Amino acid sequence: MDYCEDEKESDTVICAGGVNHGSTPGDSGGPLLVIRQHRWIQYGVSSIANEKPIPGDILSYSNQGIYTKVSSYCDWIEKTTSGEVKCQ
């Protein structure tokens with residue numbers, strides 16, 4: 001299964017990864033981090049991972065993952081943490 005082709009991105013889901021970059025099986029629940037304005041921001045939470053070998057290159061894998069977008073759950077995060085954690 002090619003997750004990035006089969007899973008459609010939406011307001012709550014994003015697909016990310018690449019050659020030797022991304023989630024692998026067992027990473028579920030881990031963060032998808034990005035740099036915004038010189039700060040690390042958690043953009044997503046790993047949900048599903050896929051790892052496939054690259055034909056002809058024994059050292060490389062295609063790592064693709066489906067992530068839940070944190071920004072879609074900002075209200076729930078703030079409420080659940082009693083306002084201790086805030087989305088920006």
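Me: How many bridges join β2 to β3, and do they run parallel or antiparallel?
Reply: In this predicted model, 6 bridges join strand β2 (residues 31-36) to strand β3 (residues 39-54), and the two run antiparallel. Strands here are DSSP runs of E with at least two residues, helices are runs of H or I with at least four, and both are numbered from the N terminus; two strands pair if DSSP finds at least two bridges between them.

Me: Which residues in β3 partner L32 and P31?
Reply: The bridge partner of L32 is G44, and that of P31 is V45.

Me: And what sits between β2 and β3?
Reply: The two strands form a hairpin with 2 residues between them, and Q37 in that turn has a positive phi of about 50°.

Me: Before I go on, what are the ground rules for numbering and confidence?
Reply: Residues are numbered from 1 along each chain as its sequence is written, and side-chain values use heavy atoms, with hydrogens and water left out. Because this is a predicted model, local features need pLDDT of at least 70 and side-chain atom pairs count only at pLDDT 80 or more, while totals for chains, interfaces and linings use all residues.

Me: OK, how many bridges are there between β3 and β4?
Reply: β3 and strand β4 (residues 57-69) pair in the antiparallel sense over 10 bridges, with D57 in β4 as the bridge partner of I54. They also form a hairpin with 2 residues between them, where G56 in the turn has a positive phi of about 85°.

Me: Where do the helices come in the chain?
Reply: The protein has 2 helices and 4 strands, and from the N terminus on its elements run α-β-β-β-β-α.

Me: Switching topic, which cysteines form the disulfide?
Reply: C74 and C87 form it, with their sulfur atoms 2.3 Å apart, where the cut-off for a disulfide is a pair of cysteine sulfur atoms within 2.5 Å. C74 lies in helix α2 (residues 74-80) and C87 in the segment after α2, so the pair ties together parts that are 13 residues apart in sequence.

Me: Why is it called left-handed?
Reply: The torsion about the S-S bond of C74 and C87 is about -105°, so the disulfide is left-handed.

Me: Is C74 buried or exposed?
Reply: C74 is buried, with a relative accessible area of 17%, whereas C87 is partly exposed at 23%. Buried means under 20% relative accessible area, exposed means over 50%, and partly exposed lies in between (1.4 Å probe, protein chains only).

Me: Last one, which element gives the most to the lining of the largest pocket?
Reply: β3 does, with 5 residues, and the lining divides into 9 nonpolar, 4 polar and 3 charged residues. Nonpolar covers Ala, Val, Leu, Ile, Met, Phe, Trp, Tyr, Cys and Pro, charged covers Asp, Glu, Lys and Arg, and the others, Gly among them, count as polar.
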